[in-house]
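Hello,

Here is the structure I promised to hand over. Please open it and keep it beside you while you read my notes.

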Amino acid sequence: MSEHVILFAGPMGAGKTTAIQTLSETKVIATEATNNDRETADKPTTTVALDYGTILLGGDGDTEDELVRLYGIPGQRRFSFMWSILKRRATGMVLLVHNDAPKPFDAMLEFLDEFGDLYDKGGIVVGITRADVSNRPLVPDYSEVIASVYPNRLIPVFAVDPRNADSVRMALMTLIANIEMRAMFRSIASGAQAAV
Ligand SMILES: Nc1nc2c(ncn2[C@@H]2O[C@H](COP(=O)(O)OP(=O)(O)O)[C@@H](O)[C@H]2O)c(=O)[nH]1
Ligand SMILES: [Mg+2]
């Protein structure tokens with residue numbers, strides 16, 4: 001069975017743990033501990049190592065089933081030792097940024113920089129969460145910031161509600177379609193090269 005390893009990254013409070021709990025068909029392994037940083041995110045617990053869940057995408061007869069492994073990584077930089085381990089395994093990233101974050105563009109750019117390799121390895125989509133809590137900035141504002149910093153990258157941006165299965169599944173499926181399309185182009189290109 002083929003596999004995808006997808007990271008859910010983003011600042012503390014963006015909705016990574018919620019998204020994996022919403023998506024996963026297997027019991028989520030979560031490593032929550034008391035949050036000692038209530039100033040950054042006012043919630044009782046926070047992820048200290050990772051969240052892990054899985055979802056099986058059914059083949060349609062012609063294609064095989066695919067197992068998608070979902071890893072939610074801790075938002076704080078002091079856990080960045082976990083970032084490098086997971087970065088190596090991953091083939092794509094759903095970057096969640098909450099719209100009510102103090103500096104949402106800076107937060108987004110920090111993760112796009114840190115996990116930029118994943119764009120070349122597979123793909124990245126950005127999900128803007130908590131748009132119901134704060135209705136500014138708008139999704140196109142994020143796209144504009146990405147285009148100004150990475151003019152050659154195609155990174156879709158959506159509004160995502162991690163509590164809603166359809167919403168978060170849509171972001172994941174867009175990412176997987178993106179990864180598979182690019183893998184196909186790569187194999188066509190290497191086939192063409194071999195034929196020369
Ligand atoms: N209203 C609202 N709450 C959200 C949304 N996304 C996440 N949350 C809530 O925000 C809080 C932080 O989410 P969590 O998954 O722990 O964030 P993490 O730090 O990225 O793992 C939780 O209470 C979620 O239920 C959203 O789109 N709207
Ligand atoms: Mg979490």
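**Aromatic pairs**

There are five aromatic pairs in the structure. Keep in mind that this is a predicted model.

Start with Trp83 and Phe111. Their rings form a tilted aromatic pair, with 5.5 Å from centre to centre and 50° between the planes.

Where do Trp83 and Phe111 lie? Trp83 is in helix α2 (residues 80–89), and Phe111 is in helix α3 (residues 104–114). The pair therefore ties together parts that are 28 residues apart in sequence. Trp83 has a relative accessible area of 1%, so Trp83 is buried. Phe111 has a relative accessibility of 3%, so Phe111 counts as buried too.

Trp83 also pairs with Phe115. This aromatic pair is tilted, at 5.5 Å centre to centre and 50° between the planes. Trp83 sits in helix α2 and Phe115 in the loop between α3 and α4 (117–121). They are 32 residues apart, and the pair links distant parts of the chain. Both Trp83 and Phe115 are buried.

**Charges over rings**

Stay with Phe115 for a moment. Lys87 lies over the face of Phe115, 5.3 Å from the ring centre.

Now go to Tyr119. The charged end of Arg182 sits over the ring of Tyr119, at 4.3 Å from its centre.

**Helix against helix**

Two packed helices are described by the angle between their axes and the distance between the axes.

Which residues make the contact? On α3 they are Pro104, Phe105, Met108, Leu109 and Leu112. On α5 they are Asp141, Tyr142, Val145, Ile146 and Val149.

The second case is helix α1 (residues 16–23) with α6. The axes of α1 and α6 are 9 Å apart, and the packing angle is about 95°. That is why α1 and α6 count as roughly perpendicular to each other. From α1, the contact uses Ala19, Thr22 and Leu23. From α6, the contact uses Ala165, Val168, Arg169 and Leu172.

Look next at Ser167. Ser167 has its place in helix α6 (residues 165–195). Is Ser167 buried or exposed? Its relative accessibility is 18%, and the limit for buried is under 20%. So Ser167 counts as buried. Ser167 is in contact with Ala159, Val160 and Asp161, leaving aside its neighbours within four places in sequence.

Val94 is in strand β5 (residues 92–98). With 2% relative accessibility, Val94 counts as buried. Which residues are in contact with Val94, leaving aside its neighbours within four places in sequence? They are Ile6, Leu7, Phe8, Ala9, Val125 and Leu175.

Gly127 is in strand β6. Its relative accessibility is 1%, so Gly127 counts as buried. Not counting residues up to four places away in sequence, Gly127 touches Leu95, Leu96, Val97, Phe158 and Val160. Gly127 and Thr22 are 105 residues apart in sequence and 15 Å apart in space, C-alpha to C-alpha.

**Backbone points to check**

Most residues other than glycine have a negative phi, and most peptide bonds are trans. Two places here need a look.

One is Arg130. Arg130 is not a glycine, yet it has a positive phi of about 55°. Arg130 has its place in the loop between β6 and α5. At 36% relative accessibility, Arg130 counts as partly exposed.

The other is Pro137. A cis peptide bond joins Arg136 and Pro137, with omega at about -5°. Pro137 is found in the loop between β6 (124–129) and α5.

Best wishes

Note on methods:
Residues numbered from 1 in each chain as written. Chains lettered and ligands numbered in written order. Predicted model: local features only at pLDDT ≥ 70, side-chain atom pairs only at ≥ 80, totals over all residues. Heavy atoms only, no water. Phe/Tyr/Trp six-rings, centres within 6.5 Å; stacked < 30°, edge-to-face > 60°. Helix = DSSP H or I, 4+ residues; strand = E, 2+ residues; numbered from the N terminus. Buried < 20%, exposed > 50% of the residue type's maximum accessible area, 1.4 Å probe, protein only. Lys NZ or Arg CZ within 6 Å of the ring centre and 35° of its normal. Contact = heavy atoms within 4.5 Å. Axes fitted to C-alpha atoms, helices over the stretch in contact; angles between N-to-C directions. Parallel < 35°, antiparallel > 145°, perpendicular 65-115°, else oblique.
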